[in-house]
Amino acid sequence: MAVKKSNTIKLKFDSARNLAPAPESKSAAKINERYDLFINGKFEKPSGKKYFATINPANEEKLADVAEANNADVNKAVTAARTAYEKVWKKTAPKERAKYIYRIARMIQERAREFAVIETLDGGKPIRESRDFDVPTAANHFFYYAGWADKLEYAFPNRNAQPLGVAGQIIPWNFPLLMAAWKIAPALATGNTVVLKPAETTPLTALKLAEIIREADLPPGVVNIITGAGETGAAIVNHPDINKIAFTGSTNVGKIIQRAIAGTNKKATLELGGKAANIIFDDAPLDQAVEGVINGIFFNQGHVCCAGSRLYVQESVYKTVVQKLKDRMETLIVGDPMDKNTDIGAINSKEQLETINKYLKIGQQEGAEMYQSACSVPRKGFYCRPTIFTNVAQSNRIAQEEIFGPVLTIQSFRTDDEVIEKANNTPFGLSAGVWTDKGSKIFNLTTKLRAGVIWANTYNKFDPVSPFGGYKESGYGREGGLHGLQAYINLV
Ligand code: ADP
């Protein structure tokens, strides 16, 4: 019997899935049984004496109890940050501020393995990603902004850059350490002090960072890290002595924050949801494009605000691309995030898995055709197979709403104008990707796509030098690069 091409590929893939396990060791990191709040340079018990559990989404086992900060704790943290700002940090010479930030960067590098293991255990992302992306990029952010601390006069020639004061920073669960670095590094470089709250499902690397900050001898109160859920976040947002809110998270909470600070003097940067178009033209190198699409949607289980979750393929190559995508999906290894072979780890929480599954149902009810890779997934823990939808209409909810999981919608297009219109037909405007051999097409699209970040012939590339942020419901303000400094200063 003749063997069909897809079968040959499948056999190869099955053997790829049968790779011997290559687990990273849990013992590479020490996780305490209980974590308190990091306020004024010390770990303090929460005044309400409440703790919540953080679990490993890969196996649903508890990792640690974490303090829940109430209004009184938030007030303590803000007071510590205010005192540190007035008495110490705003008077600290910029070149001295830089030394502390460099020290933090180096300490992250020295403990990279520990950070990577904790990040993967607490959040479910593959260890390869924590090790090769999250932790090094977090260290790079501290290095980058350390460099700016004593050069603000060159960043803003003929202007005097003044810090804002106390920054309240609230971060999500998809890149816990990296988001902490994005927020803390520019704030410190520009002379602000910080009260940071990590997300309730992934607090552990921020608390590890607190330990490093203490060891780095940063003056007490300059960085305070407090844990809790939405109420704790709201208490930070509503505290009258906060000068700036930096928030990364859902568009819904972003809107709540915007309403809460309306009419106050608080400045804000909001980095919210996305529904990025990834566009493949028929002249693109297709294998490279397919690899970029895989990375664009399946990196970090699709828990990426700039994920390329809407694929548009030019009609003449549509069938070829869909087949190549399906073939490539079959090679992806889904499972234990601590295994170095794993491509797609655990979904971050039970709630998020329920949200994703809800959208899988909605997509099918809307008439789209669902395809999932045939891989097996562990029975315990939260997992979702890589999924694509074809036969999608522009108005379908799966093509309009952010799913925040490994789920891709695919549509075809014929002309540049058509794809530009379709790509921009979204409430979001965070990112986009363009795959083509023609520079002129890249220029045409990048000027017409309404997205803060546009990648050409690549996807999900991050560098501390590049600003990142969105339009429309994706929020406002930029983080990273020179623009990232602006969010933390007044120019006088
Ligand atoms: P997701 O829906 O993806 O979990 P959220 O926007 O709810 O994202 O969470 C992002 C961060 O915002 C988390 O640290 C969370 O605790 C915090 N948060 C949630 N609700 C509020 C709120 N009302 N005010 C301030 N922060 C909040």
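View 1. The model is predicted: local features need pLDDT of at least 70, side-chain atom pairs count only at pLDDT 80 or more, and totals for chains, interfaces and linings use all residues. Residue numbers start from 1 along each chain as its sequence is written. Domain 1 puts 24 residues into the contact, and domain 2 puts in 17 residues. Two residues are in contact if their C-beta atoms, placed from the backbone, lie within 7 Å. On the side of domain 1 that touches domain 2, nine residues are nonpolar, 11 are polar and four are charged. Here Ala, Val, Leu, Ile, Met, Phe, Trp, Tyr, Cys and Pro count as nonpolar, Asp, Glu, Lys and Arg as charged, and the others, Gly among them, as polar.

**View 2. The shell around the ligand.** There are 16 residues around the ligand; Gly230, Gly233, Gly249, Ser250 and Val253 come nearest. A residue is near a molecule if its C-beta atom, placed from the backbone, lies within 6 Å of it. By class, this shell holds 10 nonpolar, four polar and two charged residues. Helix 9 (230-238) and helix 10 (251-261) each supply at least two residues of the shell. Helix 9 gives the most, with four residues. Helices (H or I, at least four residues) and strands (E, at least two) are DSSP runs, numbered from the N terminus.

**View 3. What helix 9 packs against.** Thr232, Gly233, Ala235, Ile236 and Val237 of helix 9 are buried. Buried means that 20 or more other C-beta atoms lie within 10 Å of the residue's own; exposed means 12 or fewer, and partly exposed is in between, with C-beta atoms placed from the backbone. The buried residues of helix 9 pack against helix 2 (71-87), strand 7 (166-170), strand 8 (193-197), strand 10 (244-248) and helix 10.

View 4. The largest nonpolar core has 89 residues, and Ile101 and Phe142 have the most contacts inside it. Such a core is a set of buried Ala, Val, Leu, Ile, Met, Phe, Trp, Tyr and Cys residues joined through C-beta atoms within 7 Å. Helix 7 (residues 176-189) gives the most to this core, with 11 residues. Not counting residues up to four places away in sequence, Phe142 touches Ile101, Ile104, Ala105, Ile108, Ala181 and Ala185. Another core, of 61 residues, lies apart from it; Ala289, Cys306, Val321 and Tyr383 are among its members.

View 5. Two strands pair if DSSP finds at least two bridges between them. Strand 4 and strand 5 (residues 61-67) pair in the antiparallel sense over six bridges. Tyr51 stands opposite Ala67 in strand 5.

**View 6. Strand 16, enclosed on both faces.** Seven of the seven residues of strand 16 (residues 407-413) are buried, so the strand is largely enclosed by the rest of the structure. Val407, Thr409, Gln411 and Phe413 are buried on one side, and Leu408, Ile410 and Ser412 on the other. Strand 13 (residues 310-314) runs parallel to strand 16, joined by five bridges. Strand 15 (residues 387-390) also runs parallel to strand 16, joined by three bridges. Thr409 has Arg310 opposite and Phe389 opposite.

**View 7. Lys422 in helix 15.** Lys422 is found in helix 15 (residues 416-424). Lys422 is partly exposed, with 18 other C-beta atoms within 10 Å. Leaving aside neighbours within four places in sequence, Lys422 is in contact with Tyr312, Gln394, Gln411 and Phe413. Lys422 and Phe142 are 280 residues apart along the chain, and 38 Å separate their C-alpha atoms.

**View 8. Two asparagines with positive phi.** Asn40 has a positive phi of about 55° although it is not a glycine. Asn40 sits in the loop between strand 2 (37-39) and strand 3 (42-44). Asn40 counts as partly exposed because it has 18 C-beta neighbours inside 10 Å. Asn300 also has a positive phi, near 55°. Asn300 lies in the loop between helix 11 (286-298) and strand 13. With 23 C-beta neighbours inside 10 Å, Asn300 counts as buried.
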